[in-house]
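The structure under discussion is shown here.

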Amino acid sequence: MKHIAVIGAGTMGNGIAHTFAQNDFKVRLIDINESALKKGIETISKNLDRMVAKETISKHAKDETLTNISTYTSIVEGVKNTSLVVEAATEHVDLKLDIFKQLDKACPKDTILATNTSSISITQIAAVTNRPDKVIGMHFMNPVPIMQLVEVIRGYSTSDSVTQTILNLSKTLGKTPVEVNDYPGFVANRILMPMINESIETLYNGVAGVKEIDTVMKLGMAHPMGPLQLADFIGLDVCLSILNVMYEGFKNPKYAPCPLLINMVRANKLGIKSGEGFYDYTEERKAENVAKQFLQ
């Protein structure tokens with residue numbers, strides 16, 4: 001399994017492409033937006049430059065990594081002769097279902113179709129294909145080149161052999177895979193998102209301010225980043241989407257998103273990507289510094 005396609009050149013997509021390419025896989029990065037592809041490659045190059053500066057990798061390794069990545073705006077062209085496709089598009093059910101319908105038609109019959117979804121049902125996604133046994137969740141953490149965990153999520157019909165293949169593949173990337181079953185939020189977000197939501201509720205109820213809440217969790221609970229800062233880093237729209245999936249899936253009010261979160265997303269205060277969330281990132285340098293703190 002040396003030829004991989006990644007759908008989506010955003011934060012997660014370019015991070016996944018970077019990780020595979022750095023481990024000598026030939027990667028086809030696919031996005032319908034040419035400018036998104038250009039930005040994705042620029043991000044990968046900048047992240048590799050940081051690794052060179054820290055002497056984590058050599059300049060030659062950086063060049064080889066970039067050489068391993070090719071870009072496409074067509075799914076049909078990009079997935080030819082691939083052994084694995086990892087979808088990392090925006091966290092919207094209808095979009096993902098449409099992508100998997102296209103992948104099922106365009107990919108070779110033995111290609112494994114993985115999704116980087118952080119909450120959407122693998123079983124639901126697999127049901128729109130003619131290969132549900134070959135559909136699996138491969139949930140990387142952000143930033144992908146740094147974080148060790150990969151949640152490997154089995155859908156209802158995912159085969160044992162496909163699951164084992166993805167577990168083994170994750171290890172070749174230097175990651176630690178953890179096999180979990182297909183329920184809303186899986187493990188990581190089922191635990192993380194209620195914590196973030198409760199932190200937002202704490203702010204909403206006037207118990208403490210943003211920095212105070214984050215300081216308590218960093219110094220008191222040894223978290224590397226406070227929950228509100230982490231929400232900004234993830235994207236408040238993504239947090240809202242995940243909470244909505246869990247709320248709809250479990251029908252339990254404890255997963256209902258805080259009104260403050262809903263209003264912030266409506267106002268396009270999405271965190272780092274929009275320039276403002278719980279913290280101010282109106283200067284590009286501020287946003288980069290936050291990311292660097294987490295990457296160090």
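## A strand-to-strand pair

In this predicted model, arginine 154 is buried, its relative accessible area being 18%, a value that falls under the 20% cut-off for burial. The partner of arginine 154 in a salt bridge is glutamate 179, and the closest N and O atoms of the two are 3.6 Å apart. Because arginine 154 belongs to strand E7 (residues 149–154) and glutamate 179 to strand E8 (residues 176–181), the pair ties together parts that are 25 residues apart in sequence. Glutamate 179, with a relative accessible area of 41%, is partly exposed, whereas arginine 154 is buried.

## A loop-to-helix pair

A salt bridge also joins lysine 273 to aspartate 237, with 2.9 Å between the closest N and O atoms. Lysine 273 is found in the loop between helix H12 (259–266) and helix H13 (284–295), while aspartate 237 lies in helix H11 (residues 236–250), so this pair ties together parts that are 36 residues apart in sequence. Aspartate 237 is partly exposed, at a relative accessible area of 26%.

## Further bridges and the total

Lysine 269 and glutamate 276 form another salt bridge, in which the closest N and O atoms are 3.2 Å apart. Lysine 269 counts as partly exposed at 29% relative accessibility, and glutamate 276 is likewise partly exposed, with a relative accessible area of 33%.

Elsewhere, a network of salt bridges links Glu87, Glu91 and Lys96. The structure as a whole holds 11 salt bridges.

How values were computed
Residues numbered from 1 in each chain as written. Predicted model: local features only at pLDDT ≥ 70, side-chain atom pairs only at ≥ 80, totals over all residues. Heavy atoms only, no water. Salt bridge = Lys/Arg side-chain N within 4 Å of Asp/Glu carboxyl O. Helix = DSSP H or I, 4+ residues; strand = E, 2+ residues; numbered from the N terminus. Buried < 20%, exposed > 50% of the residue type's maximum accessible area, 1.4 Å probe, protein only.
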